[in-house]
Amino acid sequence: MNPFTYERATAPDAAIHSGTAPSTAFLAGGTNLIDLMKYGVEHFTTLVDINHIGLADVTSTPDGGVSIGALVRNSDLADHKLIVSQYPLLSQALLSGASPQLRNMATTGGNLLQRTRCYYFTDIAFPACNKRVPGSGCAAIKGYNRIHAILGQTDHGSTSAESCIATNPSDMCVAMSALGATVQVQGPKGKRSIPFGDFHRLPGKDPALDTTLRPDELILAVTLPPAKFSGNSYYLKSRDRNSYAFALISVAAGLELSGTTIKSAGLALGGVALKPWRSPEAEHALIGQPAIADTFRKAATLALAGAHGYEHNTFKIEMAKQGIVRALTVAAAGGTGVSA
Amino acid sequence: MSTPICTEIEQQFQNEPTPTPDAIQVSRRTFLAAATAVSAAATLPGIAHAQSHPELTRPITLKVNGTSKSLTLDTRTTLLDALREDLQLTGTKKGCDHGQCGACTVLLDGRRVNSCLTLAAAAEGAEITTIEGLAHGDGIDNLHPMQAAFLEHDGFQCGYCTPGQICSAVALIDEAKKGELSIVSFHSGNTTKPNMTDDEIRERMSGNICRCGAYPNIVAAVRAVARQQGVTA
């Protein structure tokens with residue numbers, strides 16, 4: 001780890017002021033930041049500890065939704081009464097990720113900024129990674145790409161400066177995407193709201209950037225619209241072991257039903273792209289249809305349209321389709337009391 | 001007589017030209033010079049650099065097992081290293097040092113965390129409990145009930161992960177008493193009052209890896225305390 005200075009902020013404004021200095025990072029739970037600094041992937045020279053600035057509450061909003069402070073721990077969010085009762089999809093996603101110890105440390109804002117677990121990004125012994133060393137290429141394209149992207153990736157060959165097939169590792173973000181969340185941020189020039197789908201980026205031509213958050217901005221909160229899927233939602237996570245592993249694919253599925261007819265739907269995939277992959281086409285195809293397997297299969301086909309796999313991860317395409325059908329089936333049946 | 005077995009590596013080795021005494025001398029001198037340079041450099045970024053830049057060290061008071069200790073630490077020091085190297089509390093173990101194994105689990109204000117990913121500076125102001133702080137006093141009769149259960153159920157083999165397992169399990173019982181949920185609570189449809197079944201215990205202990213594979217006995221130890229404490233129906 002490179003040497004750094006440590007300071008504690010006691011209010012959001014003070015943190016934002018400190019955060020304008022170059023090579024400065026905000027320290028919240030630290031579960032990803034300290035890990036990457038130990039690996040020599042991140043090299044900040046100042047850490048501003050924001051664990052004492054507040055922003056640690058979950059509150060109801062006037063429109064009937066909720067506001068989740070950026071410093072709310074993943075474990076506290078998963079167990080919050082409002083979330084368990086109104087947004088069980090979010091509780092399930094949070095409790096599917098990491099371990100109890102890590103969830104006690106990790107924060108809402110930090111989870112939004114989790115970096116990819118691509119082996120070629122986290123191990124500096126590999127010279128080629130456009131995300132870590134812009135312009136160096138993408139070792140994953142011809143490498144061991146089991147955990148990599150099948151949707152929205154940039155692949156102009158392993159030597160191109162634009163290529164990147166990394167995935168976003170978060171579970172929480174997949175649920176927030178399906179729930180239509182908004183990220184509230186503040187920088188030196190004021191506050192702004194970022195729709196969840198615009199917060200994380202696809203690699204495009206610039207794989208180094210994960211999000212549209214500016215370097216001097218602090219995440220204040222994530223807001224959720226009024227709950228529509230509280231009775232019919234399910235988070236399905238497929239992985240190499242039953243707990244404490246990142247997703248190969250995951251599915252956040254929410255249905256608003258009128259009898260057996262679908263009034264509205266939220267559907268997002270994890271483990272398939274550099275951002276949580278919400279599928280408006282699949283959501284639209286569900287509306288007005290009966291909540292039956294045939295409807296779900298059509299939605300799954302639409303959600304995976306254009307998917308492209310690699311030597312070690314082509315299985316993800318079929319796994320994601322079957323995962324969507326399974327998650328929607330369980331959601332339609334009430335979303336709980338069923339083992340995936 | 002058996003045929004001599006020659007592995008691929010040995011064949012490669014045999015194909016290398018035999019080094020001359022001179023070459024050996026040179027490579028030995030090069031090695032010694034390089035080794036000296038490495039050991040000199042190793043002290044520079046950490047200690048010497050930090051000492052010449054006061055902002056890279058920090059006076060820190062840590063309250064561990066009820067006792068406050070003041071230290072001056074490099075800002076990079078993790079809570080795990082501060083406990084082991086500066087406070088000589090070596091019960092907490094360093095396994096992976098990257099939040100993947102749970103050997104370093106301690107309680108921060110009663111909540112289990114990975115001390116390897118917690119900066120010592122960030123832990124200032126918290127009540128830290130380590131494995132050394134669980135027993136009520138000296139002697140086997142004063143062990144924490146979870147420590148006694150691990151002994152009784154033989155919940156370990158080599159013992160290296162055990163302090164982390166026990167700290168984690170102590171927190172598990174506390175979380176269960178508060179009705180906190182796991183993904184198994186959702187999958188079993190038991191989200192109002194989770195019941196510490198073996199499935200629940202396995203899921204809730206999944207942040208602690210045991211390379212010896214003592215899991216069945218670890219589950220038995222946690223199950224025994226869960227029953228004593230009324231969180232298993």
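Trainee: Which residues does A:Gly270 touch, not counting residues up to four places away in sequence?

Mentor: A:Gly270 touches A:Ser170, A:Asp171, A:Val174, A:Ala247, A:Ile249, A:Ser250 and A:Pro276. Two residues are in contact if their C-beta atoms, placed from the backbone, lie within 7 Å. This is a predicted model, in which local features need pLDDT of at least 70 and side-chain atom pairs count only at pLDDT 80 or more, while totals for chains, interfaces and linings use all residues. Residues are numbered from 1 along each chain as its sequence is written, and chains are lettered from A and ligands numbered from 1 in the order in which they are written.

Trainee: What makes A:Gly270 buried?

Mentor: A residue is buried if 20 or more other C-beta atoms lie within 10 Å of its own, exposed if 12 or fewer, and partly exposed in between, with C-beta atoms placed from the backbone. A:Gly270 has 35 other C-beta atoms within 10 Å, so it is buried. It is found in strand 11 (residues 261-270) of chain A; helices (H or I, at least four residues) and strands (E, at least two) are DSSP runs, numbered from the N terminus.

Trainee: How do you know whether A:His148 is buried or exposed?

Mentor: The count for A:His148 is 29 other C-beta atoms within 10 Å, therefore it is buried. A:His148 lies in the loop between helix 8 (119-122) and helix 9 (172-178) of chain A. Outside four places in sequence, it touches A:Cys118, A:Ala140, A:Ile165, A:Ala166, A:Thr167, A:Tyr310 and A:Asn313.

Trainee: Why does A:Ser23 count as exposed?

Mentor: A:Ser23 has 11 C-beta neighbours inside 10 Å and so counts as exposed. It lies in the loop between helix 1 (12-19) and strand 2 (24-27) of chain A.

Trainee: What makes B:Gln88 exposed?

Mentor: B:Gln88 has 8 other C-beta atoms within 10 Å, so it is exposed. Its place is in the loop between helix 3 (79-86) and strand 3 (105-108) of chain B. Phi of B:Gln88 is near 55 degrees, again a positive value in a residue other than glycine.

Trainee: Why is helix 5 of chain A called largely enclosed by the rest of the structure?

Mentor: Eight of the eight residues of helix 5 of chain A are buried, so the term applies. The buried residues include A:Pro88, A:Leu89, A:Ser91 and A:Leu95.

Trainee: Which residues have the most contacts inside the largest nonpolar core?

Mentor: They are A:Leu89, A:Ala175, A:Ala252, A:Ala253, A:Ala299, A:Ile324 and A:Leu328, in a core of 166 residues. A nonpolar core is a set of buried Ala, Val, Leu, Ile, Met, Phe, Trp, Tyr and Cys residues joined through C-beta atoms within 7 Å. Leaving aside neighbours within four places in sequence, A:Ala299 is in contact with A:Leu267, A:Ala282, A:Ala285, A:Leu286, A:Ile324 and A:Leu328.

Trainee: Why are helix 12 of chain A and helix 13 of chain A called oblique to each other?

Mentor: Helix 12 (residues 293-303) and helix 13 (residues 315-332) of chain A pack at an angle of about 140 degrees, with their axes 8 Å apart. Axes are lines fitted to C-alpha atoms, for helices over the stretch in contact, and angles run from 0 to 180 degrees between N-to-C directions. Angles under 35 degrees count as roughly parallel, over 145 as roughly antiparallel, 65 to 115 as roughly perpendicular and the rest as oblique. Helix 12 and helix 13 of chain A are therefore oblique to each other. Residues of helix 12 in this contact include A:Phe296, A:Ala299 and A:Ala300, and those of helix 13 include A:Ile324 and A:Leu328.

Trainee: Which residues meet in helix 5 of chain B and helix 8 of chain B?

Mentor: B:Gln165, B:Ala169, B:Leu172, B:Ile173 and B:Ala176 in helix 5 of chain B meet B:Ile218, B:Val222, B:Val225 and B:Ala226 in helix 8 of chain B. The axes of these two helices come within 11 Å and cross at roughly 35 degrees.

Trainee: How many residues does the contact take from chain A and from chain B?

Mentor: It takes 32 residues from chain A and 34 residues from chain B. The largest share of the side of chain A that touches chain B, five residues, comes from helix 6 of chain A.
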